[in-house]
Amino acid sequence: MCKNATSSSNQDPYILYLSRKHASHRRTVNQDNLIKIIKKVFPNLNLIVEDKIHKLSMDDQAKLVYNASLIIEEGGGSTGFTTNLVGEDVPYVCISTTQRKNHASKLYLSSLGKYAAWILGEPVGKLTESPVVDNDIQVNENEFENLLNRLALFVEKKLPMPTL
């Protein structure tokens, strides 16, 4: 669902939502509601929901991530790739699960000097015992909206990004 990924800065600003909709696990079951919240908080920005980023060329993936004004990612295997491409002063939100005890991506992102926030979803159903396969998750929609409202101040340039 890539909408003409380009390296040009002349395109309209957009929010990139990286979805795990077609993954086998760790999907966000209330994704549709989260997307409605994004549209409500950012009515003047385009929204690209990318649920098959792995099918894009590496160049198109890089451009799509780099040119976004805000990135919201349902954390998965591409988190390391994505976070290396986040543009300067671009907030990044990782939707993750409370099942993970080791949130190594937090340490990794802070070492890169990226503006990152996490929202943790609660597992749905009987907990898996696998160390690598997590349950699908449900995100608290009020917490998600509160986080986006705070980030909107930076994304819409009402406040400058803090210096790291």
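Which residues in the largest nonpolar core touch the most other members? In this predicted model, that core holds 24 residues, and the ones that touch the most other members are F42, L70, I72, I95, F144 and L148. The elements that give two or more residues to this core are β1 (14-18), α1, β3 (70-74), β4, β5 and α5 (141-155), and the largest share, 6 residues, comes from α5.

Leaving aside its neighbours within four places in sequence, L148 is in contact with I37, I38, V41, F42, L70 and I72. Apart from this core lies another one, made of 14 residues, and among its members are Y14, I48, V65 and V86.

**Strand pairing**

Strand β5 (residues 116-123) takes part in both of the pairings set out below, with strand β4 (residues 92-97) and with strand β6 (residues 137-138).

| Strand pair | Direction | Bridges |
|---|---|---|
| β4 and β5 | parallel | 6 bridges |
| β5 and β6 | antiparallel | 2 bridges |

The bridge partner of S96 is L120, which belongs to β5, while E122 stands opposite Q138 in β6. As a general point, the side chains of a regular strand alternate between the two faces of the sheet.

**A histidine in a loop**

Is H25 buried or exposed? H25 is found in the loop between β1 and α1, and it counts as buried because its relative accessibility is 16%, which falls under the 20% limit used for that word. The side chain of H25 makes a polar contact with the side chain of S24, at 3.1 Å. If residues up to four places away in sequence are not counted, H25 touches R20, V132, V133, D134 and D136.

**Confidence in the model**

The protein chain averages a pLDDT of 83, and 82% of the residues score at least 70. Among the elements, helix α1 (residues 31-41) has the highest mean pLDDT, 98, whereas helix α4 (residues 104-112) has the lowest, 65. Over residues 1-8 the pLDDT stays under 50, and for this stretch the model has 17 contacts beyond four places in sequence.

Methods
Residues numbered from 1 in each chain as written. Predicted model: local features only at pLDDT ≥ 70, side-chain atom pairs only at ≥ 80, totals over all residues. Heavy atoms only, no water. pLDDT = per-residue confidence, 0-100. Helix = DSSP H or I, 4+ residues; strand = E, 2+ residues; numbered from the N terminus. Contact = heavy atoms within 4.5 Å. Pairing = 2+ DSSP bridges. Core = buried A, V, L, I, M, F, W, Y, C linked by side-chain atoms within 4.5 Å. Buried < 20%, exposed > 50% of the residue type's maximum accessible area, 1.4 Å probe, protein only. Polar contact = N/O pair within 3.5 Å; in protein donor to acceptor, adjacent residues only side chain to side chain.
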